[in-house]
Amino acid sequence: MDTPALAALNACISDWEGYVNISDASQVDITKDGCALCAAFRTDEGCTGCPVVNLTGKDFCEDTPYATAFNKLKKGTLPEFRAAAQDVLAFCKALLPGASG
């Protein structure tokens, strides 16, 4: 993973670490505009070069824990969102070089 990708991934991990314990859902921005990985890699056509795509082979965080977190933020309770955020955080940490799992 190159340095810009690693920096974006680390920023993303930092955001999700905060979301795990967030107390106010209005402070959460998990849209493409609030994601460091999306800012670095997302275009209208896809997410070429994104560490998520490199693992899953799918654009726009398809088939990742992100969809559940997004749905829980919009239609669930805050504790449900926090639990889903923990899953996203674990997924993102698993993308780090040298991570196991």
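Mentor: Gladly, and keep in mind throughout that this is a predicted model. The largest nonpolar core is made of 29 residues, and those with the most contacts inside it are Trp 16, Tyr 19, Leu 37 and Phe 81.

Trainee: Which helices supply at least two residues of this core?

Mentor: There are five to name: α1 (3–19), α2 (36–41), α3 (51–56), α4 (66–75) and α5 (78–94) each supply at least two of its residues. As background, nonpolar side chains in soluble globular proteins tend to be buried together.

Trainee: What is Tyr 19 in contact with, leaving aside its neighbours within four places in sequence?

Mentor: With those neighbours set aside, Tyr 19 is in contact with Gln 27, Val 28, Asp 29 and Ile 30, and also with Phe 81, Arg 82 and Ala 85.

Trainee: OK, switching to charges, how many salt bridges does the structure hold?

Mentor: The structure holds 3 salt bridges. One of them joins Lys 93 to Glu 17, with the closest N and O atoms 3.5 Å apart. This pair links distant parts of the chain, since Lys 93 lies in helix α5 and Glu 17 in helix α1, 76 residues apart.

Trainee: And why does Lys 93 count as partly exposed?

Mentor: Lys 93 counts as partly exposed because its relative accessibility is 36%, a value that falls between the 20% limit for buried and the 50% limit for exposed. Glu 17, at 37%, counts as partly exposed too.

Trainee: What about Asp 63, which residue does it form a salt bridge with?

Mentor: Asp 63 forms a salt bridge with Lys 58, and the closest N and O atoms of that pair are 2.2 Å apart. Asp 63 counts as exposed at 56% relative accessibility, whereas Lys 58 is partly exposed at 32%. There is also a salt bridge between Asp 33 and Lys 32, whose closest N and O atoms are 3.6 Å apart; here Asp 33 is exposed, with a relative accessible area of 64%, while Lys 32 is partly exposed at 44%.

Trainee: Now for pockets, how much space lies in the largest pocket?

Mentor: About 260 Å³ of space lies in the largest pocket. It is lined by 23 residues, and the closest to its centre are Ile 30, Cys 35, Cys 38, Cys 61 and Tyr 66.

Trainee: Which element gives the most to that lining, and what is the lining like by class?

Mentor: Helix α1 gives the most, with 4 residues, and the elements that give two or more are α1, α2 and α5. By class, the lining has 16 nonpolar, 3 polar and 4 charged residues.

Notes: Residues are numbered from 1 along each chain as its sequence is written. This is a predicted model: local features need pLDDT of at least 70, side-chain atom pairs count only at pLDDT 80 or more; totals for chains, interfaces and linings use all residues. Side-chain values use heavy atoms; hydrogens and water are left out. A nonpolar core is a set of buried Ala, Val, Leu, Ile, Met, Phe, Trp, Tyr and Cys residues joined through side-chain atoms within 4.5 Å. Buried means under 20% relative accessible area, exposed over 50%, partly exposed in between (1.4 Å probe, protein chains only). Contact means heavy atoms within 4.5 Å. A salt bridge is a side-chain nitrogen of Lys or Arg within 4 Å of a carboxyl oxygen of Asp or Glu. On a 1 Å grid over the protein atoms alone, a cavity is a set of points where a 1.4 Å probe fits but cannot get out, and a pocket is an open set with protein on both sides within 12 Å along at least five of seven lines; lining residues have an atom within 4 Å of a point. Grid points are joined across faces, edges and corners, and a volume is the space filled by probe spheres set on the points. Ala, Val, Leu, Ile, Met, Phe, Trp, Tyr, Cys and Pro count as nonpolar, Asp, Glu, Lys and Arg as charged, and the others, Gly among them, as polar.
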